[in-house]
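Hello,

Here is the structure I promised to pass on to you. Have a look at it first, and then read my notes on the ligands below.

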Amino acid sequence: MSDILSPTAPASPSGHDRPDDVLLSPDVLRARFAQAMSDLYRQEVPQYGALLELVGAVNAEQPHPPEERVAVERHGAIRLGTAAELSGMRRLFAAFGMRPVGYYDLSPAGVPVHSTAFRPVTTEALARNPFRVFTSLLRLDLIADPGLRAEAEAILRNRDIFAPGVLATADRAAGAGGLSQREAQDFIQGALHSFRWHDTAPVSGTLYRRLRAAHPLIADVVCFRGPHINHLTPRTLDIDAVQAGMAARGMNPKASIEGPPRRQVPILLRQTSFKALEEPIRFTGGPADDEAGTHTARFGEVEQRGVALTPKGRALYDRLLADAQADGGPGALEKHFAAFPDDAPSLLREELAFFREGDPGRPVTYEDFLPVSAAGIFRSNLGDAAGNDARAASPRREMFVQALGAEPLDEMRLYRIEAEGSTATV
Ligand code: OOG
Ligand code: NI
């Protein structure tokens with residue numbers, strides 16, 4: 001497996017090892033960045049702290065709690081407005097050893113974004129720190145009203161979501177394979193700047209409401225100075241228990257868990273969240289009597305990850321999920337997924353899931369996201385105004401790749417490399 005992301009600590013030319021000579025690797029920078037983000041979010045959204053406590057309690061009751069700190073955040077999410085913002089984020093995340101993997105088109109579910117996941121890509125890097133960011137780009141081409149689209153574009157053109165100098169440092173870190181201890185702290189603070197909450201919106205309340213009426217996501221992206229992190233997500237070993245616990249604690253969970261049903265051999269990814277909070281904001285771009293308002297964007301999520309599926313397994317998953325959704329009756333998910341083998345030997349024999357070679361083969365964990373689940377998470381945290389209408393798929397992959405400035409990596413290739421224990425460069 002590639003080692004381009006492994007820690008780099010060149011011997012100092014003088015032969016002495018002064019701390020400042022040692023480069024902190026992208027993996028170390030990512031771990032520090034994830035911790036800083038977690039601290040920030042817990043401080044900004046106290047209910048997220050309550051969710052972490054619940055997840056910690058549920059995980060502690062597992063018969064075999066793993067040694068690693070399970071509830072360490074696995075992912076967060078942001079929504080961007082322009083190509084320059086997306087390519088800038090690619091440069092920023094590269095310094096943390098996070099590369100774009102996969103393309104997600106959420107338009108079929110009526111969510112006007114397309115997305116990728118910036119994440120570590122080797123087994124070693126994932127083990128050192130798993131943090132990843134589901135990153136969406138607003139589809140301005142899906143705003144029907146040309147006047148409103150032009151207004152949104154003009155506002156986005158005039159904002160800079162990055163702290164001064166942070167992208168230049170990111171490029172240098174990515175090129176050199178790390179940063180010195182001295183530089184790391186400023187860099188992480190600079191990176192964090194993009195993800196903070198703003199309780200003021202530099203637009204009028206009237207424009208906010210017009211954008212919101214077009215789609216709540218458009219208002220969320222266009223009306224703020226930066227792409228506030230909208231959730232963080234720890235991992236749990238029993239998501240059904242967390243879902244029940246959120247309800248018992250009055251935490252306003254979404255109605256159902258996204259993804260496959262509970263199984264003997266967990267597959268892919270199951271997710272749930274508490275619904276986004278309505279938070280006070282002030283509009284500073286209009287008349288004084290139009291200053292007070294609220295915005296709904298930030299929530300907390302939990303995830304439970306299972307084995308990665310092969311293309312054949314994924315096709316079966318997609319088909320059964322679509323059947324269950326069309327059916328819609330109580331227990332539809334369990335009923336339709338009865339057709340998906342639920343023991344490791346069958347999954348292996350029928351080439352439905354990835355296992356590491358050897359006897360017994362160990363499951364390869366799914367490290368990515370699911371478009372239908374992601375759309376469900378989006379919808380439940382944007383409120384009813386987000387709509388629920390199915391549309392014709394309109395992927396714009398080429399447009400996304402151009403905006404990103406790179407081709408996202410193919411997740412199936414990464415799983416194959418991992419299953420084979422291959423030394424291929426990714
Ligand atoms: C992202 C929603 C999707 C996931 O884990 O699938 C998501 C967002 O709300 O920006 O977080
Ligand atoms: Ni999420």
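A polar contact here is a pair of N or O atoms within 3.5 Å. With that in mind, please remember that this is a predicted model.

Let me start with ligand 1. A polar side-chain atom of Gln 271 is 2.6 Å from one of the oxygen atoms of ligand 1. The side chain of His 231 has an N or O atom 2.8 Å from an oxygen atom of ligand 1, and for a polar side-chain atom of Asn 230 the distance to a ligand oxygen is 2.9 Å. On its own, ligand 1 would expose 320 Å², and the protein buries 100% of that. As for its location, ligand 1 sits in the largest cavity.

Who are the neighbours? There are 14 residues around ligand 1, and His 75, Arg 79, Asn 230, His 231 and Gln 271 come nearest. Sorted by class, this shell has seven nonpolar, five polar and two charged residues. Both β2 (73-80) and α14 (371-382) supply at least two residues of the shell, with α14 giving the largest share, four residues.

Now to the metal. Ligand 2 is a nickel ion, coordinated by His 75 (NE2), His 231 (NE2) and Glu 301 (OE) at 2.0 to 2.1 Å. The spacing of these donor residues in sequence is H-x155-H-x69-E. Of these, His 231 in strand β8 (residues 231-234) and Glu 301 in strand β12 (residues 300-305) are 70 residues apart, a pair that links distant parts of the chain.

Enjoy exploring!

Best wishes

Notes:
Residues numbered from 1 in each chain as written. Chains lettered and ligands numbered in written order. Predicted model: local features only at pLDDT ≥ 70, side-chain atom pairs only at ≥ 80, totals over all residues. Heavy atoms only, no water. Near = heavy atom within 4 Å. Polar contact = N/O pair within 3.5 Å; in protein donor to acceptor, adjacent residues only side chain to side chain. Areas by Shrake-Rupley, 256 points an atom, 1.4 Å probe, with all protein chains shown as cover. 1 Å grid on protein atoms, 1.4 Å probe; cavity = no way out; pocket = protein on both sides within 12 Å on 5 of 7 lines; lining within 4 Å. Sits in = over half its atoms within 2 Å of the grid points. Nonpolar A, V, L, I, M, F, W, Y, C, P; charged D, E, K, R; others polar. Donors = N, O, S within 2.8 Å, 3.2 Å for Na, K, Ca; no water.
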